[in-house]
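Welcome! Please take a moment to look over the sequence and the 3D view before reading on.

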Amino acid sequence: MLLSLRKVTKHFPVQRGLWGRPTAFVKAVDMVSLEVGAGQIVGIVGESGCGKSTLGRCAVGLFEPTSGEVLWDNLEIRGLAASQKRAHQRKFQVVFQNPYASLNPRQKIKKILLEPLEVHGLLRPTERLEFVKGLLAQVGLTEEDLSKYPHEFSGGQRQRIGLARAMACQPDMIVLDEPVSSLDVSVQASVLNLLSRLNQEKGIAYLFISHDLQVVGYLSQRLLVMYLGAVVESGKTEEVLRTPRHPYTKALLAASQGRWVMIEGEPPNPAKAPWGCTFHPRCPFAEDRCRQEKQQLLGDDNAWKVACWKWDRL
Amino acid sequence: MPELLCVRNLKVSLRDPPTGREGWVLRGVDLRMEAGERVALVGESGCGKSVTALSILRLLPRPPMEISSGQIEFKGRDLGNLTREQWLEIRGREIGMVFQEPISSLNPVMPIGEQIAETLRNHSGLSTGEIRARTLSLLAQVGLPDPPRLLSQYPHQLSGGMCQRAMIAMAVACGPSFLIADEPTTALDVTVQTQILDLLFRMTEEQRLAVLLITHNLMIVRGHADRVVILYLGLVVEEGVPGEIFRHPQHPYTEGLLAALPEVSHKGRPLYNIPGVVPSPFEDLKGCAFADRCPRVERKCRESAPPLLETRKGHQARCFYPSGK
Ligand SMILES: Nc1ncnc2c1ncn2[C@@H]1O[C@H](COP(=O)(O)OP(=O)(O)O)[C@@H](O)[C@H]1O
Ligand SMILES: Nc1ncnc2c1ncn2[C@@H]1O[C@H](COP(=O)(O)OP(=O)(O)O)[C@@H](O)[C@H]1O
Ligand SMILES: [Mg+2]
Ligand SMILES: [Mg+2]
């Protein structure tokens, strides 16, 4: 397995008492397990604050989980020596929603794309420029763009540059954190087509994060739906979207199609997650048991899973 | 019965100070609305949606922009030459406004209830007791829990969706007949977006309120508009009831937008990609504004600009070669 997350949990302190000791935590990610195989696209969907970005950062080693394990190529990151970790880290890249914030405004595109090759000592110095030109062509930019600065590009083009920079590391997997969320529909389509092509031609796997169920559904083979830090439903994308089982998934699907949404209210503050099933305050089907019992993910590891004890009666 | 709103051939120019060049942000927008009608104005960023709204409200940033020609009538009255006082009256009382970022449109240092009460104080002859009662009933009407408590709560203590509800309460406080909502749900979570739209449209029914819903999101207008108007580069390129627009798009731009939307059922096949980019406002256009990106372009399209014509019943498109013809 390229990437495995086993019961990953990440807490952030949100309140500190005397002496700076944390007295309250937000469970940004709560016992999430997932696997991404070589060349696979796994989607993560959920509303803002549900822990998608935190999970993505844990997956590429930018955050250390509070508990649980992250494995790259079946090796637990925590157990890796620094040099080993660095060697592996190159293969797990991340691209964020706003690539502009992560591109140095004073560097030309050429420098931005050459840097990862130099840092990781990839290719011979004489081969690097050719490689970078090839990268640019692959993401739909031209050689002339090498001498430009990030501010000279549109949102869609910057996203392509961010992608080219991640690809310069010759990764096995890229975590794409809301890569098309700030783009117009027509630009979004071209970036999604590009991502799809790179996946097919280069076999790069994605952990694709978005709040837009249609976007995730279009691209991913497997899908995880998150709510307040935890997975509430997962399975093969087509199956989950054909017969969503969790009331929250049903609501997300309806909303993404412009249909009426049966749930009310908004996601609560993750620092004050409700008792029992965390979804119960918004769930039209909630009864006493839902208010008292924490929900486990039911179902089969390889097929679908749902965190609702009465899913088959909804 | 006169139309509620009638915008005719509205042109807004834009001056680029460093170069002195003049461009066009709106190139001749026509927009008509009847009392109680819900119209969605849709288009990608930069097409002129907000400028249309700001023109109607006389809130354009001037300079660099200027209304260079056209006419805007509201309830049969020309909005072209009103005094400042008349404008304040119209904006507060007759036309309500809701914008994308509720948090930045609300006053951060004044309790929610007080802000609504102030609007009422400025625009209605109600007594203090009546104002309090009306404020509480407005807060309840927009679905906010515990209205008495909200009288003393500040915007930052509420979630984004609740702030937007409060904005709506404020916008409809003085019983306007027309509401302009510019991307009212764009900053909100998906499950909250539909709730806010449902609320908006419940208000239209209860108060016979017309709404101009501005959005870049085609999907959300599906169940939430009587009529859809598609804007491209400062021009209305297509207009019709939602069912028509979604099932029988006539303009190649609308067709392209719909085909570019990702869907699960479309998995494994590339999405349609509208070629090229939107021209800048400073570009000189002779023919059709969409010609350079159009898969059906003909010589005629580059020589003259197509008018907006009825292509099917209750459906208009600005195209010489509409779909299916
Ligand atoms: N560095 C941090 N410190 C404290 N809290 C954080 C930090 N990063 C994220 N959080 C909190 O964790 C929760 C999940 O955040 P995030 O992973 O960014 O969600 P998403 O990407 O789904 O919007 C939120 O409540 C957020 O406020
Ligand atoms: N304050 C401004 N100064 C200069 N140009 C502006 C300003 N506001 C908007 N524009 C330009 O006017 C055009 C239309 O903008 P707008 O109506 O805001 O688009 P949208 O459809 O996204 O609401 C765009 O080309 C935009 O760049
Ligand atoms: Mg995020
Ligand atoms: Mg706008």
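Predicted model: local features only at pLDDT ≥ 70, side-chain atom pairs only at ≥ 80, totals over all residues.

Several backbone atoms here pair with oxygen atoms of the ligand. A backbone N or O atom of A:G49 lies 2.7 Å from an oxygen atom of ligand 1, and for A:G51 the corresponding distance is 3.0 Å. A polar backbone atom of A:K52 is 2.9 Å from a ligand 1 oxygen.

Now move to chain B and ligand 2. This ligand has 14 residues around it, and the closest are B:G46, B:G48, B:K49, B:S50 and B:V51. Backbone atoms again face ligand oxygens: B:V51 has a polar one 2.9 Å from an oxygen atom of ligand 2, B:G48 has a backbone N or O atom at 3.1 Å, and for B:C47 the distance is 3.3 Å.

Finally, stay in chain B and find helices α4 (residues 112–123) and α7 (residues 160–171). Their axes come within 9 Å and cross at roughly 15 degrees. Angles under 35 degrees count as roughly parallel, so α4(B) and α7(B) are roughly parallel to each other. The crossing of α4(B) past α7(B) is right-handed. Which residues meet here? From α4(B) come B:I112, B:Q115, B:I116 and B:T119, and from α7(B) come B:A166, B:A169 and B:M170. By class, this contact has five nonpolar and two polar residues, with no charged ones.

Conventions
Residues numbered from 1 in each chain as written. Chains lettered and ligands numbered in written order. Heavy atoms only, no water. Axes fitted to C-alpha atoms, helices over the stretch in contact; angles between N-to-C directions. Helix = DSSP H or I, 4+ residues; strand = E, 2+ residues; numbered from the N terminus. Parallel < 35°, antiparallel > 145°, perpendicular 65-115°, else oblique. Left-handed = near helix turned anticlockwise from the far one by under 90°. Contact = heavy atoms within 4.5 Å. Nonpolar A, V, L, I, M, F, W, Y, C, P; charged D, E, K, R; others polar. Near = heavy atom within 4 Å. Polar contact = N/O pair within 3.5 Å; in protein donor to acceptor, adjacent residues only side chain to side chain.
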